[in-house]
Amino acid sequence: MAPAAFPAYFDCLPPDLPSQLQRPDLAAALRQLATQDASLREEAIIALLARLPRQASSAPDKASSRGSLLVRRVQQQLLDDLSQPLTLDALAQQAGITPAHLVRRFHQACGLPPLAWQMQQRMAEARRQLSAGRSIIEVALATGFADQAHFSKTFSRFCGMPPGRYRQINF
């Protein structure tokens, strides 16, 4: 990606990247990030940066059981109230680690960053509630969306059809 194009995608100046990071695959990944919801973009950037080659060698992880406990606690926190979306900073602060470390640990354990994982859980719950006959606005509010329009757009993107159609098929 040309440095001049960066502001068009991210509304800010491009970072100074070392020459080894100026790669076509990285540019494609950054362009893809620009199309994501703003709420998921931060953790997607962290996950992308975690995949980049590291300069320093890392010591073996002696706390894998502690790490899995951390992930389970974060998962439970994300599931406790799906109507209250959490921020990555708040999750990391409550876990006592940095947001980057949280995203890395969670992604290793679950295959997704925490907020993307939570969105999957929210959509699964939305499908269950729609199948049970609840109204679209009730489901939207119960799964943490401010309004029916945002819920419908997100649901359509995740499930391939609007929630009303999904409810007709599954009710």
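Colleague: Which residues do ring pairs link into a cluster?

Modeller: This is a predicted model, in which local features need pLDDT of at least 70 and side-chain atom pairs count only at pLDDT 80 or more, while totals for chains, interfaces and linings use all residues. Residues are numbered from 1 along each chain as its sequence is written, and side-chain values use heavy atoms, with hydrogens and water left out. Rings of Phe, Tyr and Trp (its six-membered ring) pair if their centres lie within 6.5 Å; planes under 30 degrees apart are stacked, over 60 edge-to-face, and the rest tilted. The cluster linked by ring pairs consists of Phe145, Phe151, Phe155 and Tyr166.

Colleague: How many aromatic pairs are there by this rule, and what is the angle between the planes of Phe145 and Phe151?

Modeller: The count comes to four aromatic pairs. Among them, Phe145 and Phe151 have a centre-to-centre distance of 5.4 Å and form an edge-to-face pair, with the planes at 65°.

Colleague: Are Phe145 and Phe151 buried or exposed?

Modeller: Buried means under 20% relative accessible area, exposed over 50%, and partly exposed in between (1.4 Å probe, protein chains only). Phe145 has a relative accessible area of 3%, and Phe151 has 0%. Because these values fall under the 20% limit, Phe145 is buried, and Phe151 is also buried.

Colleague: Which helices hold Phe155 and Tyr166?

Modeller: The ring centres of Phe155 and Tyr166 are 5.5 Å apart and the planes are at 75°, so this pair is edge-to-face. Both Phe155 and Tyr166 are buried. Helices here are DSSP runs (H or I, at least four residues), numbered from the N terminus. The pair ties together parts eleven residues apart in sequence, because Phe155 lies in helix α9 (residues 148-159) and Tyr166 in helix α10 (residues 163-170).

Colleague: Which residue lies over the face of Phe145?

Modeller: A charge sits over a ring if NZ of Lys or CZ of Arg is within 6 Å of the ring centre and within 35 degrees of the ring normal. At 4.3 Å from the ring centre of Phe145, the residue over the face is Arg122.

Colleague: Which residue forms a salt bridge with Arg128?

Modeller: A salt bridge is a side-chain nitrogen of Lys or Arg within 4 Å of a carboxyl oxygen of Asp or Glu, and the count is two. With the closest N and O atoms 2.9 Å apart, the partner of Arg128 is Glu125.

Key. Helix = DSSP H or I, 4+ residues; strand = E, 2+ residues; numbered from the N terminus.
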